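Good morning, and thank you for coming.

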Amino acid sequence: MIKHETQWDVLVIGAGPAGASAATVLADHGHRVLILERESFPRYHVGESLIPFTYAPLERIGLIPKLRASNFIKKYSVQFVSPNGSASQPFYFFNRYDRETVAQTWQVLRSEFDLMVLNNAREHGAVVREQTEVLELLKEGDRVVGVRARHVDGSVVDYHAPMTLDCTGKEAFSTVRQGWRVKDPYLNKVAVWTYYEGAKRDNGIDEGTTTVAFVPEKGWFWYIPQHNNRVSVGVVAEGKYLSREGVRDPESIFKREIAQNLWIQDHLSVGKQVGPHYITNEYTFHSRHCGCEGLLLVGDSFAFLDPVFSSGLMLAFKSGVMAGDLVHEALVQRDFAPSRFTEYARTMRQGLENMRKLVYAFYNPNFSFRTITDKYPHLGGDITDCLSGDVNKDFSRLWAAISEFAELPEDLPYGAPLESRPEARPANSVS
Ligand SMILES: Cc1cc2nc3c(=O)[nH]c(=O)nc-3n(C[C@H](O)[C@H](O)[C@H](O)COP(=O)(O)OP(=O)(O)OC[C@H]3O[C@@H](n4cnc5c(N)ncnc54)[C@H](O)[C@@H]3O)c2cc1C
């Protein structure tokens, strides 16, 4: 028999950074928030490098003191390395931002970091049910009125609430079921990654530098030093490049690519590979809509962008905090009209489109940051802002300059909330 629970104001599907940050904000506003999470935390997750403009949402949910007290490696810079092994000067964020706040960020181990973020949500008052898989959205007409979930003991519960936040990450539970998921027309890469212990790293403020190391055909390695003497290292490129000559298994792909960049080869040579080799080919996608009546998409479930500039966590936290405040207003006014979230979608899409343009440029063989800054030195600051996650501003000067070298994509016409059809509105509809 299916049980019912009706005491919740907001249901959050997924306890990753997007879900936990939205739940923290909503609990702070005094709402009854329930997070339903399929896994048991701590759980493995890729995506380990933060960028400077994650600072404000992290501060908003009270995480900065916890991060400062943690073992996570501090990140002050990014550097780029060519295939022959020569490294650029590290680019230090404190040359542009406040050294004590925005300019210092972290390299995190997601199992520990996500548990920290989730426990923080609990401390703020959110209730979490782990090992609970959401199976379907409950609907009345076009309106989402809750979710059906299965607990680890096999029991199935229908949870009812005026708002559901889908924070299910790249799996994008509702996005897929609503038929809203659209592939990016061009960005469709494959990533293979693993971990090393004891590999080389720099000292002092360069210990936590993210290195982006190029391989032929616009592929690249990430090299992310973590605590416990670990390094996360992965390669991203076109599938047909990585699988050339029929090589298909992740370990063989990875090992062959190491030799394509001398810096990576040298740094890994003294380390020991640990754990599995992971692979994903589920790349950049967008959702046609940010939600509908009773449903809002937050974090990766709204859009997932190629991770070359490590923008995912910033966007997850930013959307989580913004969603939390907007859903609070909707609850106070008892008005859940989808149009309340138009501005949310516009803001998130603007940031995504700016980042997406820079990602397109990055993969164009005619583009390099150096080419732009040599010709237009005054645009260096714009490049830094976009790379650091300060993405909601007008970058039209930068796009005009880059377009001289590389074709940039048009903005995609996606994101607006889906209005309910009048004929699909139930008689007892609240808005
Ligand atoms: C190869 C790669 C490298 C990356 N590198 C970086 C990086 O360096 N820096 C960066 O910022 N980002 C990076 N990212 C992106 C980053 O991982 C994501 O942007 C981030 O995890 C998004 O957070 P989220 O909360 O939206 O989703 P997630 O962190 O994925 O959380 C979603 C949660 O939902 C749960 N869930 C899913 N379905 C259900 C269900 N049906 N019922 C209940 N629970 C469910 C999952 O178990 C999960 O815990 C990378 C991504 C990839 C693929």
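Predicted model: local features only at pLDDT ≥ 70, side-chain atom pairs only at ≥ 80, totals over all residues.

Residues are numbered from 1 along each chain as its sequence is written.

The protein chain is assigned domain 1 (3-49 + 111-184 + 285-349), domain 2 (190-280) and domain 3 (364-403); such bounds come from an automatic or database domain assignment. Between the C-alpha centres of domain 2 and domain 3 there are 27 Å.

Turning to the ligand, 34 residues surround it, the closest being G16, G47, G169, G299 and G312. A residue is included if its C-beta atom, placed from the backbone, lies within 6 Å. Domain 1 and domain 2 each supply at least three residues of this shell. Two or more residues come from each of α1, β9 (132-140) and α9 (312-333), where helices (H or I, at least four residues) and strands (E, at least two) are DSSP runs numbered from the N terminus.

How do helix α1 and helix α4 pack, and at what angle? Residues 17-28 form α1 and residues 110-123 form α4; their axes are 8 Å apart at an angle of about 20°. Axes are lines fitted to C-alpha atoms over the stretch in contact, with angles from 0 to 180 degrees between N-to-C directions. The two helices are therefore roughly parallel, a term for angles under 35 degrees.

Note on methods. Parallel < 35°, antiparallel > 145°, perpendicular 65-115°, else oblique.
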